[in-house]
Amino acid sequence: MKRIKIKELLEGSATEKEVTVKGWVKAFRSKRFIALNDGSTINNMQIVIDFEKFDEALLNNVTVAAAISVTGKLVESQGTGQNVEIQATALEILGEAHPDEVSKTILQPKRHTLEKLREQAHLRFRTNTFSAVFRVRHALAYAIHKYFNDKGFVYLHTPIVTGSDAEGAGEMFKVSTLDPKNPPKTEEGNIDYSQDFFGKETNLTVSGQLEAELGALALSEVYTFGPTFRAENSNTTRHLAEFWMIEPEVAFNDLNDNMDLAEDFLKYCITNVLENCADDLAFLETRLQDEEKSKPQDQRSEMGLIDKLKFITDNEFVRLTYTEAIDILRNSKPNKKKKFEYLIESWGADLQSEHERFLVEKKFKKPVILTNYPADIKAFYMRQDDELPEAKPGMEVGPTVSAMDVLFPGIGEIAGGSQREERYENLVKGIKKFGIEEETVWWYLETRKFGTVPHSGFGLGFERLVLFCTGMGNIRDVIPFPRTPNN
């Protein structure tokens, strides 16, 4: 008989029919009730065993983590906790799991720390927490593609191996086929990359944005969704060496259009999760509530997971300039009472997560989009604003760019973007200012010579969005196989 997914049976209404399910044993109580899960849902199917109808040796092999196939009649449940259950008529062991081996792993049915789960990453998919996280991750990925497809965007695959540094930061992984112990050298004693596979120095990409701009300047609306790499030696709960980025680029869009797109996009994705991942979100919210109880009172979140998601979908995003934000932060109580770790003293300060969260959670109590940042703290490709911002008395201001950051509760910045600099002369100045060699981005500059137009885009770290939607506290717990320093 063909296997039916447990999710389908639990959501259906038909009973008194014979079905076959396959999955992994979560528990076997009193040699009578098997809790079976196949990964299609957070919820288990209860299998009822009539001990007299089965061989005792067979049942002895039905242990926690074993894989089994069960055929039986789907009936209304006589107990609480589930609407239906299966009265087993046939049972087959597909894969045994020896109790003494299971006891050494995270598969044993007890609470484990997230750090312990990370140590056994090959098994953590089998836990309720991680099966829920990765179903939510899938739902978000699907929503992203559906959103852009339905809006008429073209999905563009940008290079993973590149010769350019889109961010100008230099924190990139090198790609080479040269002998690391004895590489060829130039007369000056430097590594001779002309003898390398690509004939030049190459790296893993930090962003697909520059290439996506090329697509947008022909196809009008494109987006990328692919892996990116940062060789930043930050061993924190918010950094990964390999992660996924979503980067839409739209021709003829200015900064306001870009903000509209980002807000609409984020609301769509989160609404999709609320509508399609209710069981997983309920489980993750309970997990988060239990975790919050162990924290000091002043460190506990004011919102539950589902309330936090609805905080995004139910509110209009507040929009204000960096200059306005600096004035608010400089005069705020946490700043005056020196409760911020990084005090705001003057215009030009690079905002930290604590400042962003204050604006979202305390000042406006809504998601916030900050715009028009100082040119000195943003990337070379962002469009320089034509006028200086209006300054408060006693505040010195400088040139700004048409940048934007989207700020969420609990996490601070979740997406960042800008209107791109479409003016050739200004772009050349920006490249020189940031010390980027012009010959490495000649192709990018040349696009400004042939029908250049205003255009905008933003980047969203996918794992940061999954982190927000699942309530997990460490970004390593929302990607299947985290790549981090020394790991």
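How many bridges join strand β1 (residues 17-29) to strand β2 (residues 33-37), and do they run parallel or antiparallel? Select both strands: 5 bridges join them, and they run antiparallel. Strands here are DSSP runs (E, at least two residues), as helices are (H or I, at least four), numbered from the N terminus. Two strands pair if DSSP finds at least two bridges between them.

This is a predicted model, in which local features need pLDDT of at least 70 and side-chain atom pairs count only at pLDDT 80 or more, while totals for chains, interfaces and linings use all residues. Residues are numbered from 1 along each chain as its sequence is written, and side-chain values use heavy atoms, with hydrogens and water left out.

Arginine 29 has phenylalanine 33 of β2 as its bridge partner. The order β1-β2-β3-β5-β4 closes into a barrel of 5 strands with mixed pairing. From one strand to the next, the twist averages 55 degrees.

**Strand β16**

Select residues 455-461. In β16, 7 of 7 residues are buried (under 20% relative accessible area with a 1.4 Å probe, protein chains only; exposed is over 50%, partly exposed in between). One side carries His455, Gly457, Gly459 and Gly461, and the other Ser456, Phe458 and Leu460.

Next, show the neighbours. β11 (residues 242-251) runs antiparallel to β16, with 5 bridges; methionine 245 is the bridge partner of glycine 461. β15 (residues 412-419) also pairs with β16 in the antiparallel sense, over 5 bridges. There, glycine 416 stands opposite glycine 459.

**Helices α5 and α7**

Select residues 128-150 (α5) and 255-276 (α7). Their axes come within 9 Å and cross at roughly 135 degrees. Axes are lines fitted to C-alpha atoms, for helices over the stretch in contact, and angles run from 0 to 180 degrees between N-to-C directions. The two helices are therefore oblique to each other: under 35 degrees counts as roughly parallel, over 145 as roughly antiparallel, 65 to 115 as roughly perpendicular, and the rest as oblique.

Show side chains at the contact (heavy atoms within 4.5 Å). Among them, Leu140, Ile144 and Phe148 are on α5, and Leu261, Phe265 and Tyr268 on α7.

**Two positive phi values**

Go to phenylalanine 252, in the loop between β11 and α7. Its phi is about 75 degrees, positive although the residue is not a glycine. Phenylalanine 252 is exposed, at 56% relative accessible area.

End at lysine 338, in the loop between α11 (333-336) and α12 (353-364). Lysine 338 has a positive phi near 60 degrees and is exposed, at 61%.
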